[in-house]
Amino acid sequence: MSENQPDPMTIHPIAGYENEIYVKPAVKNPAIIVGDFTYIADSDFESHVTHLYDWNGDRLVIGKFCQIAAGVEFVMNGANHQMNAVTTFPFYTLEGWNAEPPAKSDLQLKGDTVIGNDVWIGQNAVILPGVHIGDGAIIGANAVVGSDIPPYTIAVGNPARAIRKRFDDEMISLLEKFAWWDKPIEEINALIPILTSGDIDTVRAEILRRTGAKWL
């Protein structure tokens with residue numbers, strides 16, 4: 001890796017600052033899969049992933065270039081209690097009780113939690129089991145996300161609800177197809193003026209020019 005290029009396997013991308021890390025090189029749990037350059041405003045990512053137990057078989061999958069604020073929690077399927085019985089008390093997890101684990105079908109497991117690319121998750125947000133958050137979405141601070149959030153959508157509140165799309169449908173489709181996060185570092189560096197411009201009409205035209213695409 002050239003000295004003047006970012007390295008996705010650097011744990012501390014800000015020299016002399018410990019409380020922001022690239023997540024991918026820091027993760028040890030194989031059930032947590034994180035893409036290049038996703039960061040968290042903390043020094044320990046795995047402490048933000050709770051109730052992730054091998055026997056449930058679920059995974060946390062996060063894309064590239066996500067921005068995760070301090071205090072965010074990813075609650076995994078191990079937090080579920082049996083809800084179709086008289087009691088929700090988990091006797092089977094505690095010593096001294098004569099109880100067998102319930103069938104997985106009785107625990108309403110939600111599957112993998114999947115976060116797209118370039119997603120911004122605000123401070124103290126909680127992501128519940130099995131949620132899928134699309135590319136480019138923004139999750140507001142203190143939001144509790146219990147249902148899927150579409151790409152390039154802003155969601156806030158408890159329970160989180162979509163308040164608006166960031167761009168029109170054509171622009172969202174174009175950005176999804178363009179998938180800038182999958183391009184080589186050199187190309188992303190060259191794209192930064194486009195990716196950081198607030199002039200969306202100009203950005204749209206430039207991406208169309210670069211891809212040779214046309215609106216139908």
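**Salt bridges**

I kept in mind that this is a predicted model. I ran the salt-bridge count and got 7. Then I went through some of the pairs.

I looked at aspartate 36 and lysine 24 and found their side chains meeting in a salt bridge, with N to O at 2.7 Å. Aspartate 36 sits in the loop between strand 2 (32-34) and strand 3 (39-40), while lysine 24 is in the loop between strand 1 (21-22) and strand 2, so this pair ties together parts 12 residues apart in sequence. I also checked accessibility: lysine 24 has 35% relative accessibility, so I put it down as partly exposed.

My next pair was aspartate 112 with arginine 59, a salt bridge whose closest N and O atoms are 3.1 Å apart. How far apart in sequence are the parts that this pair ties together? I get 53 residues, because aspartate 112 lies in the loop between strand 7 (73-75) and strand 8 (113-115) and arginine 59 in the loop between strand 4 and strand 5.

I then moved to helix 3 (residues 200-211), where glutamate 206 and arginine 210 are 4 residues apart, which means about one helical turn between them. Their side chains meet in a salt bridge at 2.9 Å, N to O. Arginine 210 comes out as partly exposed, with 40% relative accessibility.

**Hairpin**

I turned to strand 14 (residues 153-156) and strand 15 (residues 161-165), which run antiparallel and are joined by 4 bridges. Which residue of strand 15 stands opposite isoleucine 154? I found arginine 164 there. I also looked at the turn: the hairpin has 4 residues between the strands, and glycine 157 takes a positive phi near 100°.

**Tryptophan 55**

Last stop: tryptophan 55, in the loop between strand 4 (49-50) and strand 5 (60-62). Buried or exposed, I wondered about tryptophan 55? It has 60% relative accessibility, and the cut-off for exposed is over 50%, so I logged tryptophan 55 as exposed. I also took a C-alpha distance from tryptophan 55 to lysine 104 and got 9.8 Å, with the two residues 49 apart along the chain.

Note on methods
Residues numbered from 1 in each chain as written. Predicted model: local features only at pLDDT ≥ 70, side-chain atom pairs only at ≥ 80, totals over all residues. Heavy atoms only, no water. Helix = DSSP H or I, 4+ residues; strand = E, 2+ residues; numbered from the N terminus. Buried < 20%, exposed > 50% of the residue type's maximum accessible area, 1.4 Å probe, protein only. Pairing = 2+ DSSP bridges. Salt bridge = Lys/Arg side-chain N within 4 Å of Asp/Glu carboxyl O.
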